[in-house]
Each structure stands twice: as structure tokens, then as C-alpha cells.
Amino acid sequence: MCAEDIYDAIVVGAGHAGCEAALAIARMGHKVLLLTINVDNIAQMSCNPAIGGLAKGHLVKEIDALGGEMAKNADETAIQFRRLNTKKGPAVQGTRTQNDMYLYKKRMRKVLENQENIHIRQAMVESLLVKDKKVYGVETNIKEKFFSKTVILTTGTFLRGIIHIGLTHFPAGRMGDPPSNRLSENLMELGFEIDRFKTGTTPRLDGKSIDYSGLEVQKGDENPKPFSFSTKEIKLPQLPCYITYTTPKTHDIIREGLDRSPLYTGIIKARGVRYCPSIEDKIVKFPDRPRHQIFLEPEGLDTVEIYPNGISTSLPVDIQLRMVRSIPGLERARIIRPGYGIEHDYINPIQIKANLETKLINGLFFAGQINGTTGYEEAAAQGLMAGINAVLKIRGEQPLILSRAQAYIGVLIDDLVTKGTDEPYRMFTSRAEYRLLLREDNADFRLMDIGYRFGLVDEKTYRAFCEKRRKVEALIKRLNEFKIRPEPLVQEKLKQMGTAPIKNTISLAHLLKRAEVSINQLYVFDEQLKELDSQVADEVEIRIKYEGYIKRQEKQVEQLKKIEEIKIPENIDYTKVHGLTKEAIEKLSKVRPLTLGQASRIPGITPAAIIALQIHLKKEGKR
């Protein structure tokens with residue numbers, strides 16, 4: 001055993017999860033080996049060239065607040081910023097960027113290569129080295145062995161990946177890269193339950209062959225809000241996207257090709273992504289829809305390649321071409337790369353703990369699509385948490401487990417490990433019970449102290465946040481203390497602002513609660529409010545306008561904390577708990593929840609079962 005082949009952690013896979021995991025470990029001061037099948041495809045955007053979106057943007061902001069890299073990488077390589085859901089409340093608004101996919105992976109690779117403690121190696125891992133239910137390294141297909149205290153698998157779609165284009169199919173982890181078959185077999189040999197999922201991508205088009213003249217232009221925001229709390233400026237030129245639609249002719253062509261569709265001939269048996277269906281799924285399941293929207297997204301500044309978001313497909317190439325050319329603006333379009341579907345293995349996430357360590361093998365962590373998720377952002381969030389918890393495992397410290405009231409990351413992981421998933425898991429704001437507390441804008445207030453404590457947030461960024469926090473508190477105090485009286489001059493100013501007169505003396509904070517009043521208008525009463533920091537002003541305005549709702553959710557969180565804080569011993573024998581049904585015993589034994597709160601969220605666990613468990617814990621002196 002060579003000393004240089006011994007690491008604190010080994011990360012297998014360098015997609016979005018693997019990059020965040022490796023960086024977290026290295027930034028916390030530990031030596032990590034990052035193994036990938038192809039170093040040229042580190043941080044590859046295998047699907048659409050975009051980061052964020054509804055709920056996904058929340059995850060990106062949280063990754064940034066904890067000291068991850070995705071937000072910075074997105075800001076540095078963004079060619080369009082768009083704020084989504086702006087007509088709705090701040091809790092459900094989200095940020096999305098179009099990115100130069102080539103610059104995205106180039107910059108992330110540079111960050112990894114220049115990060116102290118990270119060692120990058122091109123290799124295909126075939127098996128885990130395990131002794132007495134504890135992992136101690138990996139072995140590659142050329143019989144190299146690398147040794148470590150922990151291993152994180154972030155295998156994406158590579159586990160027994162099979163690509164489908166029409167009735168043709170072949171093994172691949174993604175187009176152009178081989179699958180990882182032996183590792184999947186090794187996981188089964190170790191006792192893991194494995195199932196299959198399906199995902200897919202669109203044909204890529206030659207932008208020179210597209211007629212944009214009659215298409216709807218979708219420009220980005222004039223004043224873009226970056227993802228990262230530390231980003232000061234947007235550096236790249238901003239490009240528009242274009243919108244077009246399928247036609248009845250498109251739908252007829254797709255129906256003609258269904259007899260050669262792997263989805264509708266039974267070749268693909270795995271479950272696909274419900275919320276991002278293929279175009280053939282849309283046509284079959286929504287036969288009355290006359291058209292479906294397509295976004296033409298540029299893949300970069302120095303390429304003509306266009307991603308037609310909305311026509312993910314595994315139809316034969318000839319059908320794909322006819323389908324594309326039946327769409328307005330794409331009548332002469334040329335396909336650079338065909339769309340395809342891909343089936344891959346995943347591990348039922350009930351087999352992992354809340355720190356993302358597996359229950360079967362000590363020191364082995366899973367993150368990303370191996371846990372049944374879909375999306376770059378869900379993967380990156382898991383990778384960051386797996387990296388942090390691998391280090392805490394090495395140090396013998398308590399794991400970092402974010403609660404559902406603390407972060408979307410907490411919702412994501414709790415859903416996976418408590419409920420499992422029988423379809424590719426995607427984050428939505430509706431999954432979060434306390435979404436008014438989990439806004440994009442306050443991710444730093446929720447999580448940056450944690451990131452700094454673990455050494456992931458640098459001193460400069462943290463000091464800037466502390467100053468922002470001080471300014472927010474000071475501004476709220478000033479708005480509550482500054483009073484206006486029902487005098488003629490005040491009433492005239494209120495009229496000019498488009499709001500009703502006041503009858504009694506009120507604070508500026510009270511005035512700001514009015515829907516039609518903006519914080520940027522209040523300087524007419526207080527000159528000190530004339531030039532406010534936009535981040536500070538936005539945060540204060542949201543807190544004051546939604547104060548009643550926020551306090552109500554905070555009260556709910558406090559009430560539920562009681563049940564969340566009741567710990568359940570890891571070695572509890574549920575057969576000894578009086579009053580539990582056989583079904584409850586089976587489900588609790590499989591999930592092995594850490595707290596009574598988590599137990600209550602297991603599908604099929606009744607309030608009666610929770611009461612029985614609570615009584616048992618009280619008798620045993622565990623609470």
C-alpha cells in the first residue's frame with residue numbers, strides 16, 4: 001500500500017454532486033481523491049444548459065450560503081438571468097440562468113484543479129473495498145486500488161446505463177461515455193436494493209439553420225439578480241432565448257413513430273420523470289392539447305448549438321428530424337446530436353441515513369441520481385451534504401442534518417430517506433411546509449453561519465454577510481422607531497405615493513405593510529433611507545410586509561420542534577413497542593427514523609403508532 005494512495009475520502013463521479021462533495025471535503029482540510037471516467041467531462045451539463053428554476057433556485061442559493069460552488073459557477077458563466085414567478089409571493093419566486101455549458105465545466109474544473117487537497121484521477125471504479133461492513137477504498141477496472149476512510153458514490157446515470165434511440169439501444173453512461181456495469185453488480189452483491197429509472201434529453205440543433213424572424217423573443221432580466229451572495233457583477237454578454245410551439249402536424253408525426261418508440265413498444269420499462277415528460281408522452285397523455293411550448297436555448301457564446309427545451313425524446317432519428325421540421329422556425333433545422341432516452345440504476349434511498357451514509361456499509365455515502373433524484377441542483381445539494389458529513393464522520397463529530405424548517409436541502413434529504421421514491425425525485429416549492437421561511441433571499445441568514453463554522457465560507461464573504469445582517473437589523477429598528485403624524489404635508493406625500501391618508505401617528509414600518517407602498521418610497525419622510533443597499537432593502541421589505549405570516553410559520557415550527565427533538569435510539573427493537581401493527585413495525589424497522597418527527601412522516605405510519613412509540617420511549621427513559 002503506497003502512502004500517496006491513501007485518502008480521507010474518495011469521491012466516485014465528477015458530475016454536479018461529485019464536484020461539490022470533493023470541494024467540501026478539501027475546503028474542510030481533508031485529502032480527497034476525485035475519480036471520474038472522463039476528466040474532460042467534469043461538471044458536464046448533460047441535459048439543458050441551465051441552472052436553477054422554481055425551488056431549484058432555492059437549492060442553489062442554499063448551496064452558496066453553505067460554501068458550495070454551484071452558484072458562483074452559474075453566475076460566472078451565465079448568458080441569461082431570469083427571475084421566475086415574479087407575480088407571486090417571494091416564497092415561490094425563483095432564479096434561473098442560461099449558461100454557457102462549455103465555460104461552466106471549464107471553470108468548475110479549474111476550481112477543482114486549483115483547490116488544495118483535491119487529487120483528480122481518470123478511472124472507472126468497478127468495486128468497493130469492504131471489510132466487516134466498513135468501506136476502506138475502491139478498485140478500478142485496471143485493478144488499481146485506492147484506500148480511504150470514506151467513499152462517496154455520485155454515479156449519475158452511469159450505473160448500467162443504456163441509451164435508447166428508437167429501437168436501437170446500446171450501453172452508455174451518457175452519449176459518448178461508457179456505463180459503469182460492474183460497480184452496479186458490486187452494490188447488489190453487497191446487499192443493496194436496486195431499481196431502474198429513465199430520463200432523457202432533446203435533439204440539439206444547428207442555430208444557423210433556424211429562422212428566428214417569426215419567433216417570440218424571451219430576453220433576460222434587465223437588472224439580473226445573481227445566485228451567489230458574493231457575486232458583484234455579471235461578466236458575460238447576455239443572450240435571448242426564443243419561444244416556439246409544436247403543431248398538429250408535429251403531433252401526427254410523433255404518433256406515426258410510436259410503433260418504433262422504446263417507450264411505447266415496452267423496451268423501456270423504467271419509470272420516467274413525471275414533471276419533465278418526453279414529447280411523445282405529452283402527445284399521448286394530453287391528446288387534446290393543440291400545441292406544446294418549446295424554448296430555444298443557446299448552449300454558449302462560441303457555439304451555434306441550440307437546446308430545444310420541451311421536446312425531450314427517444315424516437316427514431318428520422319422521426320426526430322421530421323418532428324423538428326414541423327415546428328415554426330425550425331422548418332430547415334439541422335440536428336447536430338439526436339435526442340435519446342437513458343435507463344440507469346438507482347438505489348432506493350430508504351437505505352441511507354439522514355447524513356447520506358448508507359445503512360449497510362459504514363463510511364459509504366451516496367449523493368445525486370444514485371439516490372433517485374433528477375436535476376443538477378438536487379445532485380449538487382446532496383454532494384455538498386455528503387462531503388460535509390464524510391468529514392464529520394472521519395472526525396468522529398455529530399453529522400450535519402438540516403431540518404425541513406431550515407432549508408430546502410433538509411426537505412430534499414428528509415423526503416428521500418423517510419419516504420423513498422418510486423419515480424425520479426424533483427424539488428418543488430410545494431414540498432416545503434414552511435416555504436415562507438425558506439425564501440431564496442434569506443438563504444444566507446439561514447445557513448451562512450453553518451458554512452462559516454465548517455470552514456467552507458471564506459472570511460471576506462462571511463464578514464460581508466455579518467455587515468448585511470447588522471444593516472438589516474438596524475434598518476428594521478429605524479423603520480419601527482421613525483413615526484409620521486397625520487399632518488397636511490405628510491398626507492400630501494401619501495397622496496403622491498398613491499396610498500390612503502393616515503388617521504393616527506404610525507411608524508414607517510407600519511406604513512410599509514401596505515401593499516402599494518415600497519421601501520424605496522419612504523425616503524420622502526426620512527432622508528437617511530434615500531440610498532439603501534438593494535439586498536438589505538429587499539430583505540427588510542419582505543420581513544416587514546409578511547411579518548404576520550412569518551410569525552405564524554415560526555410558531556408552527558416551534559410547536560413541531562418538540563416532536564422533532566425526541567430522539568429514537570438506533571438500536572430500538574420495534575417488535576417490543578406495544579401497540580404497533582405489523583405494518584408499522586416493518587416500515588419503522590426499514591427506515592429506522594432518527595426522531596419521532598421523522599417517524600411521523602413515514603407513509604403509512606398512523607398517529608396511533610406515533611403515540612405508541614412516544615409512550616414506549618417515555619417508559620424506557622429515552623425522552
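Four strands make up an open sheet, ordered β11-β10-β19-β12, with antiparallel pairing. Strands here are DSSP runs of E of at least two residues, and helices are runs of H or I of at least four, numbered from the N terminus. Two strands count as paired if DSSP finds at least two bridges between them. The edge strands are β11 and β12, each of which pairs on one side only. From one strand to the next, the twist averages 25 degrees. Axes for this angle are lines fitted to C-alpha atoms, for helices over the stretch in contact, and angles run from 0 to 180 degrees between N-to-C directions. The model is predicted: local features need pLDDT of at least 70, side-chain atom pairs count only at pLDDT 80 or more, and totals for chains, interfaces and linings use all residues. Residues are numbered from 1 along each chain as its sequence is written, and side-chain values use heavy atoms, with hydrogens and water left out.

Within this sheet, β12 and β19 pair in the antiparallel sense over eight bridges. T201 has Y340 in β19 as its bridge partner. Strand β19 (residues 340-347) is also joined to strand β10 (residues 162-165), by three bridges in the antiparallel sense. Here I162 is the bridge partner of E343 in β19. On the β11 side, I162 stands opposite P171. Strand β11 (residues 168-171) pairs with β10 over four bridges, again antiparallel. The two strands β10 and β11 form a hairpin with two residues between them. G166 lies in the turn and has a positive phi of about 65 degrees.

A further open sheet holds six strands in the order β14-β15-β16-β17-β13-β18, with antiparallel pairing. Its edge strands, β14 (216-218) and β18 (335-337), each pair on one side only. The twist averages 35 degrees from one strand to the next. Strand β13 (residues 204-206) is joined to β18 by two bridges, and the two run antiparallel. In this pairing, L205 stands opposite I335 of β18. In a regular strand, side chains alternate between the two faces of the sheet.

Aromatic contacts were examined next. The whole structure contains eight aromatic pairs. Rings of Phe, Tyr and Trp (its six-membered ring) pair if their centres lie within 6.5 Å; planes under 30 degrees apart count as stacked, over 60 as edge-to-face and the rest as tilted. Y136 and F147 form a stacked pair, because their ring centres are 6.3 Å apart and their planes lie at 5 degrees. Y136 belongs to strand β8 (residues 134-140) and F147 to strand β9 (residues 145-153), eleven residues apart. Y136 is partly exposed at 37% relative accessibility, whereas F147 is buried at 13%. Buried means under 20% relative accessible area, exposed over 50%, and partly exposed in between (1.4 Å probe, protein chains only).

F192 and F366 form a tilted pair, with ring centres 5.3 Å apart and planes at 55 degrees. F192 lies in the loop between α5 (181-189) and β12 (194-201), and F366 in strand β20 (residues 364-366), so the pair ties together parts 174 residues apart in sequence. F192 is buried at 4% relative accessibility. F366 is buried at 0%.

One aromatic cluster is formed by F445, Y452, Y462 and F465. The charged end of R543 sits over the ring of F445, 4.6 Å from its centre. Likewise, the charged end of R291 sits over the ring of Y245, 3.6 Å from the ring centre. A charge sits over a ring if NZ of Lys or CZ of Arg is within 6 Å of the ring centre and within 35 degrees of the ring normal.

The largest nonpolar core has 122 residues, of which L128, L153, L479 and L522 touch the most other members. Helix α9 gives the largest share, eleven residues. Such a core is a set of buried Ala, Val, Leu, Ile, Met, Phe, Trp, Tyr and Cys residues joined through side-chain atoms within 4.5 Å. Beyond its neighbours within four places in sequence, L479 is in contact (heavy atoms within 4.5 Å) with residues including L508, L512, I519, L522 and V540.

A407 is located in the loop between α9 (376-395) and α10 (408-419). A407 counts as buried, at 0% relative accessibility. Leaving aside neighbours within four places in sequence, A407 contacts E62, L402, L438, R446 and L447. A407 and E62 are 345 residues apart along the chain, and their C-alpha atoms are separated by 7.3 Å.
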